Amino acid sequence: MTKSPVVVVGAGIVGAASAIWLKRKGLDVTLIDKGTPGHGASFGNGGILARCSIVPVTGPGLLRKAPGYLMNADFPLFLRWGYLPRLLPWLTKYLSHANASDTKRISKGLAQLLGDSVDQHIQLSKDTAAETWVETSDYNYVYRNRAAYEADRFDWDLRRAAGFVPEIIEGAAVQELEPILGPQAGLLALNRDHGYVRNPGQYVQDLVKTFTQMGGRFVQAELRDVTFTDEHISAVETDQGSFPCSQLVLATGVWSKPLMKKLGIHVPLEAERGYHIVFKHPNQMPNAPMMLAEGKFVATPMAEGLRCAGVVEFGGLSPEKSAAPLALLRKSVAQMFPALQASEEEEWLGYRPAPSDSLPLIGEIRRTGVFAAFGHHHIGLTGGPKTGRLIADLIAGTRPNEDLSPFDPMRFARRS
């Protein structure tokens, strides 16, 4: 087992989990981030520990349907058209997976990573300040009616194959279980044994605080470059100086792409712009997190209010919010929760790291000592703790009892 210094870059949920598990193995670990821990995508997600979210967006038929989705102002998919020329190479690869065979393959990999995610969060946060934020719960998919649910049969067949069999609730029983829902909700697909995080940003901050209390070091610094000696990582260069290391964990989400390019791997990775609105001091809250299938957004009861998160927009890393996605999200919320009132609303925009094949990159780059731990798309919070544990096992020389081939970062080197 290596005792040399390990540097983890990126203090989101994946980086924080990696740092803690590495420290628990007795390693010398430095965690580096240019900002405050937990303030990227780990802050603004839907907060759901979505074990059953194993179906990628690129399902069969997406290629045929995508143009219509983009032209439909009521569908939660948006594109900044000026960005299309830059997006096109990635989009071509992304849509190439929109078939049954690839969808089943991707789903199988995601099921392996997410299946025990609630337990992974509990084990990561146990006996720390962070554990107060983790709640176990059901997770409901909300449909207009039975026909809308049946239209998602392919997705539910994949979930059933992975062991997720929902309880179906229909009619007036829907509102009895979830009074916040209006009459448009006619069916719930209820999934047991899930969970959520009541404050994802604070959760990650508390994890990083735990890491430093264990003797780990957190440094707020911006990654500038890396140094290799005999083709192996030897130091990380930042605006706060150089940090020698023998292992580097790259957990910087969509910002991981430039360093991967330096390593000779051109990862087809795009920023999927995601939005949320927090309705503060609401007059109603759901009893459990839910996915509103028609509006393609999730609603989660959180410490600061009701967080509604969703909507997909492609348009790069511009910090400027687009009006249309937020307007549609508000419209969808009003339709599904017609009696909802709140004292104020808070908007957020963040960037999900979206690989073209919807699978994260987890593992070592050749024998360089650089370990990829990014690209989790919609499932970063859910899969973060297990990813960190897998990375820690690899670095410590303990081969995980898992098939990591679906997440092999070298899959892109072979195709480039």
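## Close-up views of a predicted model

**View 1. Strands S1 and S2 pair side by side.** Strand S1 (residues 6–9) and strand S2 (residues 29–33) run parallel and are joined by four bridges. The structure shown is a predicted model. Within this pair, Val 8 has Leu 31 of S2 as its bridge partner.

**View 2. Strand S2 is mostly covered.** Five of the five residues in S2 (residues 29–33) are buried. In a regular strand, side chains alternate between the two faces of the sheet. In S2, Val 29, Leu 31 and Asp 33 point one way. Thr 30 and Ile 32 point the other way. Residues of both sets are buried.

View 3. Strand S18 covers residues 361–364, and strand S19 covers residues 370–374. The two strands run antiparallel, with four bridges between them. Leu 361 stands opposite Phe 374 of S19. Five residues lie between the strands of this hairpin. In the hairpin, Arg 366 adopts a positive phi, near 50°.

**View 4. Ser 332 in helix H12.** Helix H12 spans residues 323–336 and includes Ser 332. Is Ser 332 buried or exposed? The relative accessible area of Ser 332 is 9%, so this residue counts as buried, the cut-off being under 20%. Which residues does Ser 332 contact, leaving aside neighbours within four places in sequence? Ser 332 is in contact with Gly 295 and Phe 297.

**View 5. The whole protein, as context for the close-ups.** The secondary structure comprises 14 helices and 19 strands. The C-alpha trace spans about 65 × 45 × 40 Å along its principal axes. The radius of gyration is 21 Å; a compact globule of 416 residues would have one near 22 Å, so the protein agrees with that expectation. Of the 416 residues, 59% are buried. Among contacts between residues at least 6 apart in sequence, 76% join residues at least 24 apart.

**View 6. Surface and charge.** The accessible surface of the protein is about 16900 Å². Carbon and sulfur atoms account for 51% of this surface. The protein has 44 positive and 42 negative charges. The mean positions of the positive and negative charges are 4 Å apart.

Definitions and conventions. Residues numbered from 1 in each chain as written. Predicted model: local features only at pLDDT ≥ 70, side-chain atom pairs only at ≥ 80, totals over all residues. Heavy atoms only, no water. Rg over C-alpha atoms; globule rule 2.2 N^0.38 Å. Buried < 20%, exposed > 50% of the residue type's maximum accessible area, 1.4 Å probe, protein only. Contact = heavy atoms within 4.5 Å. Areas by Shrake-Rupley, 256 points an atom, 1.4 Å probe, with all protein chains shown as cover. Lys, Arg positive; Asp, Glu negative; His and termini not counted. Charge placed at Lys NZ, Arg CZ, Asp CG, Glu CD. Pairing = 2+ DSSP bridges.
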